[in-house]
Amino acid sequence: MKAKKKIICCILGMVLALSVIRSGALDANASTWHEKRLKGLTRSVYYTNVNFLLNILKNGKGSSISTACSYDIPSSQQVTGSASSIKKRADACGKRVIKYIRQNHPELLSWSNLAAAPTYDYTYVGSRYTLRRITIYWVVSPTYMYGNNSYAINGSSLTAIRQALANADSVLNYYAHLPDAQKIKAYADWISENVVYDHAAYNDRSSYLRDYRPYDMISVFDNDPNTNVVCQGYTRAFQYLMDHSVFSDKTIRSKIVSSSDHTWNLVTIKKKNYFVDVTWYDKTGGSDGSGKNVDEFLLGSQKTLDQLKSGTFRQIVDGIPWKYPASNEHSYSKATREFFTSNELTVSKEPYDIYSDHSKGSGYYYNWKQYR
């Protein structure tokens, strides 16, 4: 086990001169996958909740902070109909908002187990009902709960969460000078060096109901050697760093994708998608434990995914071929396939050469391999 998480607290003079220094990187516009699909009432409820959740993390004060977000529907958006049609419309709106926030903004729900319950208020005259308000109650994980209230955060918990986010921003600052692909590798290396895979949480599938920390990015950045993560934590930490980075190539984007039993990232570079599985990349996660991170899982190709599925992926460990068992862990879930387009999920046939841009964007020759 790694003895201590190494939060970066200072920046060398040369790095400082070349870096784009960030502060308060938390941003409601960090990840915007398919937000344009949201129209009218649903779009309004979505942005109301995103800004509400962002405000909790940035400005939430007091011993107890409510996680119930209400949108009072203006007359121009109000819907009138039967009781059943109003309920159907409100439920569909609430569930879609929850789905999009979970996908695009897990960083805003560090205190939550990602469960939420939409409710609605209405008025009626005779048999005609008018939808007046939609409220989403975001469920708080017991770790951060105020007393026994599932919809209230213990205010003191926000201090620790904010510090972890500040630590994440320090990582962003430290590597801001690197060329794009090397920056991506640096993020994966930093995460794998600072957490280990939490096998106890994985083996107890109901543990998230009691303690959601192994599933969240805060446990990666909290500087606590006793908190570690499963794949969701690795993936969300990497996504946070990608979402809040400044890349020379402005088209670089990352997304979170899932199978029925696993979560990882896809990174788009120059219109091609590459898979990044920091969990399997990490020698303490899904790899062989040899002490060497697995490069094939960083900006990797469809070829590697096919080999993993067929059980033909091999790695040389101490001069001995080590064969990975056949796995379907990288087969997209129905939810992922429904959210993203086919082109957005198609992985490049060849891996990305992370050393190809060693002299681009840094202003000086940077030999990444000497820092591996």
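The side chain of S110 makes a polar contact with the side chain of D216, at 3.4 Å. (A polar contact is a pair of N or O atoms within 3.5 Å; within protein, one must be able to donate a hydrogen and the other to accept it, and residues adjacent in sequence count only if both atoms are side-chain atoms.) That's our way into a predicted model, where local features need pLDDT of at least 70, side-chain atom pairs count only at pLDDT 80 or more, and totals for chains, interfaces and linings use all residues. Residues are numbered from 1 along each chain as its sequence is written, and side-chain values use heavy atoms, with hydrogens and water left out.

**Around S110**

- You'll find S110 in the loop between helix 3 and strand 4; helices (H or I, at least four residues) and strands (E, at least two) are DSSP runs, numbered from the N terminus.
- S110 is buried, because its relative accessible area is 2%; buried means under 20% relative accessible area, exposed over 50% and partly exposed in between, with a 1.4 Å probe and protein chains only.
- The S110 side chain also reaches the backbone oxygen of E107, at 3.2 Å.
- Leaving aside residues up to four places away in sequence, S110 touches Y144, I161, D216 and I218, where contact means heavy atoms within 4.5 Å.

**Helix 3**

- Helix 3 covers residues 83–104, which makes 22 residues.
- From first C-alpha to last it reaches 32 Å, close to the 32 Å expected at 1.5 Å a residue; that expected span is 1.5 Å times one less than the number of residues.
- Its buried residues include I86, A90, C93, V97 and I101.
- Among the elements covering the buried residues of helix 3 are helix 2 (40–59), strand 4 (112–125), strand 5 (128–140) and helix 11 (334–339).

**Strand 5 and its partners**

- Strand 5 pairs with strand 4 in the antiparallel sense over 11 bridges, and A117 stands opposite Y137 there; two strands count as paired if DSSP finds at least two bridges between them.
- The hairpin of strand 4 and strand 5 has 2 residues between the strands, and G126 takes a positive phi near 65° in it.
- Strand 2 (residues 68–72) is also antiparallel to strand 5, over 5 bridges, with S70 partnered by T135.
- Strand 3 pairs with strand 5 too, antiparallel over 2 bridges, and T80 stands opposite T130.

**The 8-9-10 sheet**

- Another part of the fold to look at is an open sheet of 3 strands in the order 8-9-10, with antiparallel pairing.
- Strand 8 and strand 10 (272–276) are its edges, each pairing on one side only.
- The twist averages 30° from one strand to the next; axes are lines fitted to C-alpha atoms, for helices over the stretch in contact, and angles run from 0 to 180 degrees between N-to-C directions.
- Strand 9 (residues 263–269) and strand 10 are joined by 5 bridges, and N265 stands opposite V276.
- Helix 8 (residues 231–243) packs on this sheet, touching strand 8, strand 9 and strand 10, and its direction makes about 25° with that of strand 9.

**The whole chain**

- The protein chain's secondary structure comes to 12 helices and 12 strands.
- Of its 372 residues, 53% are buried.
- Among contacts with a separation of 6 or more, 67% are between residues 24 or more positions apart.
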